[in-house]
Amino acid sequence: MLPIIVDVKRSKVLVVGEGPQTAKRLAALDASGATHVQVFAPVPSDPLAIAAGARLIRRWPNGEDIENAALVFVGDLPPEKAERFFVLARGKGALVNVEDQIAFCDFHVPSIVRRGDLLISVSTGGRSPALAQMIRARIGLAFGPEWEGHLDAIADLRAGWRAAGLEPAEISKRTEAAVAAAGWFDAHGGLALPEIDTRIKAST
């Protein structure tokens with residue numbers, strides 16, 4: 001397995017299925033900022049239909065629909081029908097994920113903890129999604145909502161350091177120093193980042 005992060009804002013994505021697994025996958029795509037999504041479901045569940053809105057197409061996709069799609073997600077289908085869409089999509093060059101059917105997966109979707117642009121993922125390669133979710137829950141406790149603000153703060157400092165012409169190695173060094181001084185990995189925290197930045201500049 002090769003872990004990668006896909007920018008779904010730039011990619012055509014198809015979601016195929018009618019029930020809760022399909023709705024879950026659509027919700028994950030929406031949370032990821034996907035902007036080119038089509039949902040194919042002849043008889044969608046009410047929650048799926050509401051979530052899909054104008055993106056809903058009430059039939060199964062054909063080869064023309066899949067043309068130029070980067071990713072195809074399939075859920076809530078028996079193996080024989082899922083295999084049909086798997087073969088069709090792969091024939092068009094798309095990567096396919098069929099929920100809970102490893103044999104029909106080009107990739108697996110990890111359990112994630114999302115804190116703004118901070119993304120922490122856990123994967124078992126599809127072997128135990130429940131275990132991945134348990135591990136994710138524990139990571140979520142360690143990296144709470146405050147980490148979204150932490151990332152924003154360190155990103156602002158990094159932007160300032162880059163604007164000042166600092167080399168990548170020096171930026172990494174200052175990042176480590178700032179995070180350590182802020183105490184983000186400690187129980188009681190530390191200094192505020194603006195104060196840290198002032199002290200770092202004064203010492204160089």
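**Close-up 1. Pro78 is partly exposed in this predicted model, with a relative accessible area of 35%.** Buried here means under 20% relative accessible area, exposed means over 50%, and partly exposed lies in between (1.4 Å probe, protein chains only). Pro78 belongs to the loop between strand 4 (71-74) and helix 4 (79-91). Helices (H or I, at least four residues) and strands (E, at least two) are DSSP runs, numbered from the N terminus. Look also for Gln101: Pro78 and Gln101 are 23 residues apart in sequence, and their C-alpha atoms are 9.6 Å apart in space. This is a predicted model, in which local features need pLDDT of at least 70 and side-chain atom pairs count only at pLDDT 80 or more, while totals for chains, interfaces and linings use all residues. Residues are numbered from 1 along each chain as its sequence is written, and side-chain values use heavy atoms, with hydrogens and water left out.

**Close-up 2. Phe143, Trp147, Trp184 and Phe185 are joined by ring pairs into a cluster.** Rings of Phe, Tyr and Trp (its six-membered ring) pair if their centres lie within 6.5 Å; planes under 30 degrees apart count as stacked, over 60 as edge-to-face and the rest as tilted. The structure has seven such aromatic pairs. In one of them, the ring centres of Phe143 and Phe185 lie 6.4 Å apart with planes at 80°, so this pair is edge-to-face. The pair links distant parts of the chain, 42 residues apart: Phe143 sits in the loop between helix 5 (129-142) and helix 6 (146-163), and Phe185 in the loop between helix 7 (168-182) and helix 8 (193-202). Phe143 is partly exposed at 21% relative accessible area, whereas Phe185 is exposed at 58%. Trp147 and Trp184 are also edge-to-face, because their ring centres are 5.7 Å apart and their planes are at 70°. Here Trp147 comes from helix 6 and Trp184 from the loop between helix 7 and helix 8, 37 residues apart. Both Trp147 and Trp184 are buried.

**Close-up 3. Helix 6 packs with helix 7 at an angle of about 150°, their axes 11 Å apart.** Axes are lines fitted to C-alpha atoms, for helices over the stretch in contact, and angles run from 0 to 180 degrees between N-to-C directions. From helix 6, Ile154, Leu157, Arg158, Trp161 and Arg162 meet Ile171, Arg174, Thr175, Ala178 and Val179 of helix 7; contact means heavy atoms within 4.5 Å. By class, this contact has six nonpolar, one polar and three charged residues. Ala, Val, Leu, Ile, Met, Phe, Trp, Tyr, Cys and Pro count as nonpolar, Asp, Glu, Lys and Arg as charged, and the others, Gly among them, as polar.

**Close-up 4. Arg59 and Asp65 form a salt bridge, with their closest N and O atoms 2.6 Å apart.** A salt bridge is a side-chain nitrogen of Lys or Arg within 4 Å of a carboxyl oxygen of Asp or Glu. Asp65, in helix 3 (residues 63-66), is buried at 13% relative accessibility, while Arg59 is partly exposed at 35%. Leaving aside neighbours within four places in sequence, the contacts of Asp65 include Lys12, Gln38 and Trp60.

**Close-up 5. Glu99 and Lys24 meet through their side chains in a salt bridge (3.1 Å, N to O).** Glu99 lies in the loop between strand 5 (95-98) and strand 6 (111-115) and Lys24 in helix 1 (residues 20-31), so the pair ties together parts 75 residues apart in sequence. Glu99 is buried at 10% relative accessibility, and Lys24 is partly exposed at 44%. Salt bridges link Lys24, Arg25 and Glu99 in a network.
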